[in-house]
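Please open the model in a viewer and keep the selection panel at hand. The stops below proceed from one selection to the next.

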Amino acid sequence: MLGILASVASLVLGAVTAHHADAAHPAPARALPAHEVPRHAPTVHTSTGPYPEPVEEVARELPSQPDPTRFEDGRVITGATAHRLILFSFDDGPDLNTTPRLLDELDAAGVHAVFFTVASRIEGDTPRQREQADLLGEIERRGHLIGHHTVHHRQLPLLSNEEIIAEVDDGQRDIERVLGHRPYLLRPPGGARSPRVDRLLAARGYTEMLWNLGTGDFQVRDADEVVRTFRRVLQRRERENGERGGIVLMHDPHPWTVEAFPRIVAELRAKNCELLAQGEELYDIVDDPRFFFEARRGDDGTALAQPAEPEASVLQARQERLRSVTSARCSQVARR
Ligand SMILES: [Zn+2]
């Protein structure tokens, strides 16, 4: 029981790792040139959130979708950062009942995220699988990045090399069939990895993306719980590790997750009003894993990326822009 609790705790707080021995494999890699990658057409949204106008302001300032081919050969991304950088990620979809609503919430919030898809949902020829495949294309068209979450969502360290390779290559083929290009980001199910798994994935050009801000949304059935857990984990990370931001793990097939997401964004933006008044760094919701990405530079794929430390000038420019948007928004809220 304690063991289960411990592993659940580590799932909420961050990814678990398991260590075993290994072998590697050659990697195919082909991607469409950047200009052929589908682009997000900017749209104007009417937000239903508490801060309609300024949120739109932020949405208009979002950069276009990050180039999915830029995430090849990175060190294992943990999400660690001393800065208030927040990147949302959603696993285990796409789901016909919940993902379309989440896409609307993301649009309304002006946020782009990373979606880690389970390829068994989009392979095959059932009407549901075909609709889910269409939905995967829609996620990308709306500006989000698609990552690989294996075909069957099995814990990779428990599989043989051949089984791991099948999970990765088969799923890659399915995703490529739908999107026209392969993914380079992969999230191992449950965050379970080992040096052997790392090397097999690295040999295929993948960058593993873990998380440091769990929301526990796979354990509860209630948006309140998800929001509370996010808040608690964010505070605990800061207190224990000095990590003031990071990568958020959520699961789009849960309706309570769809409900919790805009509340978490609203909470971060409300917190920014306080932080602004205190002259503190603001929460910056980013849409590009490059903030957390570090090139592998020839190592074997088992190394963790350094905590995210973007160029000071980039951070400063973003913070300045964020301050002006936040200042306008918060004074508007205060006037109401
Ligand atoms: Zn998963």
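**Parallel strands and their crossovers**

Select E1, helix H3 (residues 99-109) and E2: together they make a right-handed β-α-β unit. The model on display is predicted. Strand E1 covers residues 85-91 and runs parallel to E2, with 3 bridges joining the two. To locate one of the bridges, pick aspartate 91, whose partner in E2 is phenylalanine 116.

E2 and strand E3 (residues 145-148) run parallel and are joined by 4 bridges. Here phenylalanine 115 stands opposite isoleucine 146 of E3.

Are its faces covered or open? Both are covered. Val114 and Phe116 lie on one side, Phe115 and Thr117 on the other, and all four are buried.

**Glycine 147**

Stay in strand E3 and select glycine 147. This residue counts as buried because it has 25 C-beta neighbours inside 10 Å, where 20 or more are required. Leaving aside residues up to four places away in sequence, glycine 147 touches Val114, Phe115 and Phe116, together with Pro183, Leu185, Leu186, Arg187 and Met209. A distance label may also be drawn from glycine 147 to isoleucine 175: the C-alpha atoms are 9.0 Å apart, while the residues are 28 apart in sequence.

**Helix H6**

Select helix H6, residues 195-203, and colour its buried residues: Arg196, Val197, Asp198, Leu200, Leu201 and Ala202. What do these residues pack against? Their partners are helix H5 (161-179), strand E4 (185-186) and strand E5 (207-208). Following H6, glycine 205 has a positive phi, near 85 degrees.

**The largest nonpolar core**

Nonpolar side chains tend to be buried together in soluble globular proteins. The largest nonpolar core of this model holds 73 residues, of which Ile86, Leu87, Val114, Leu213, Phe230 and Val248 touch the most other members. Helix H8 (residues 255-277) gives the most to this core, with 7 residues. Centre the view on phenylalanine 230: apart from residues up to four places away in sequence, Leu213, Thr215, Val248 and Ile264 are its contacts.

**Backbone points to inspect**

Most residues other than glycine have a negative phi, and most peptide bonds are trans.

- Proline 94, in the loop between E1 and H3, is joined to glycine 93 by a cis peptide bond with omega about 0 degrees.
- Aspartate 73, in the loop between helix H2 (52-61) and E1, has a positive phi near 60 degrees. The residue is partly exposed, with 19 other C-beta atoms within 10 Å.
- Arginine 297, in the loop between strand E8 (284-285) and helix H9 (312-335), has a positive phi near 50 degrees. This residue counts as exposed because it has 9 C-beta neighbours inside 10 Å.

**The whole chain**

Of its 336 residues, 46% are buried. Among contacts with a separation of 6 or more, 82% link residues 24 or more positions apart.

Conventions: Residues are numbered from 1 along each chain as its sequence is written. This is a predicted model: local features need pLDDT of at least 70, side-chain atom pairs count only at pLDDT 80 or more; totals for chains, interfaces and linings use all residues. A nonpolar core is a set of buried Ala, Val, Leu, Ile, Met, Phe, Trp, Tyr and Cys residues joined through C-beta atoms within 7 Å. A residue is buried if 20 or more other C-beta atoms lie within 10 Å of its own, exposed if 12 or fewer, and partly exposed in between; C-beta atoms are placed from the backbone. Two residues are in contact if their C-beta atoms, placed from the backbone, lie within 7 Å. Two strands pair if DSSP finds at least two bridges between them. A crossover is right-handed if, with the strands pointing away from the viewer, the path from the first strand over the helix to the second runs clockwise.
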